[in-house]
Amino acid sequence: MKTELYLGGTQAGGQIVNEEEWSSFLAKVLTPAFPKGLTVYNAYGQIQQADGKIDRQPTRVVVIVHPRKTDQETSFASVIQAYQRQFPGTKVMKLTINSDQPQFFTP
């Protein structure tokens, strides 16, 4: 399985999750939740609200490749709850898709 978490970077009131806050969250929450590995990249996100307004914000995408296990869902839910608790008003999206067996190529 491949799961992507899209973690919005704009909090209620318009504050942006800064690099120091993000680094702390990565070290204290994400890494312990997924110690076997993950990938993070910066992105730009936008979403249309019900009133037609487009919300634009910096976004961090966290990619985790993992076996299909029901206990994994608990880890994802805990991370999402921790993120939204630490950064109120942020938007989060989770996307999980089936994937072929990953192959690692090393020299």
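These legends describe close-up views of one predicted model. Local features need pLDDT of at least 70, side-chain atom pairs count only at pLDDT 80 or more, and totals for chains, interfaces and linings use all residues. Residues are numbered from 1 along each chain as its sequence is written, and side-chain values use heavy atoms, leaving out hydrogens and water.

**View 1. Four strands form an open sheet.** The order is β2-β3-β1-β4, with antiparallel pairing. The edge strands, β2 (39-48) and β4, each pair on one side only. From one strand to the next, the twist averages 25°. Strands (E, at least two residues) and helices (H or I, at least four) are DSSP runs, numbered from the N terminus. Two strands pair if DSSP finds at least two bridges between them.

**View 2. Strands β2 and β3 run antiparallel.** Ten bridges join β2 to β3 (residues 54-65). V40 has V62 in β3 as its bridge partner.

**View 3. Helix α1 (residues 19-33) packs on the sheet.** Helix α1 touches β1 (2-8), β2 and β3; contact means heavy atoms within 4.5 Å. The direction of α1 makes about 30° with that of β3. Axes are lines fitted to C-alpha atoms, for helices over the stretch in contact, and angles run from 0 to 180 degrees between N-to-C directions.

**View 4. T90 lies in the loop between α2 (70-86) and β4.** T90 is buried, at 5% relative accessible area. Buried means under 20%, exposed over 50%, partly exposed in between (1.4 Å probe, protein chains only). Leaving aside residues up to four places away in sequence, T90 touches G8, T10, Q11, V17, Y83 and Q84.
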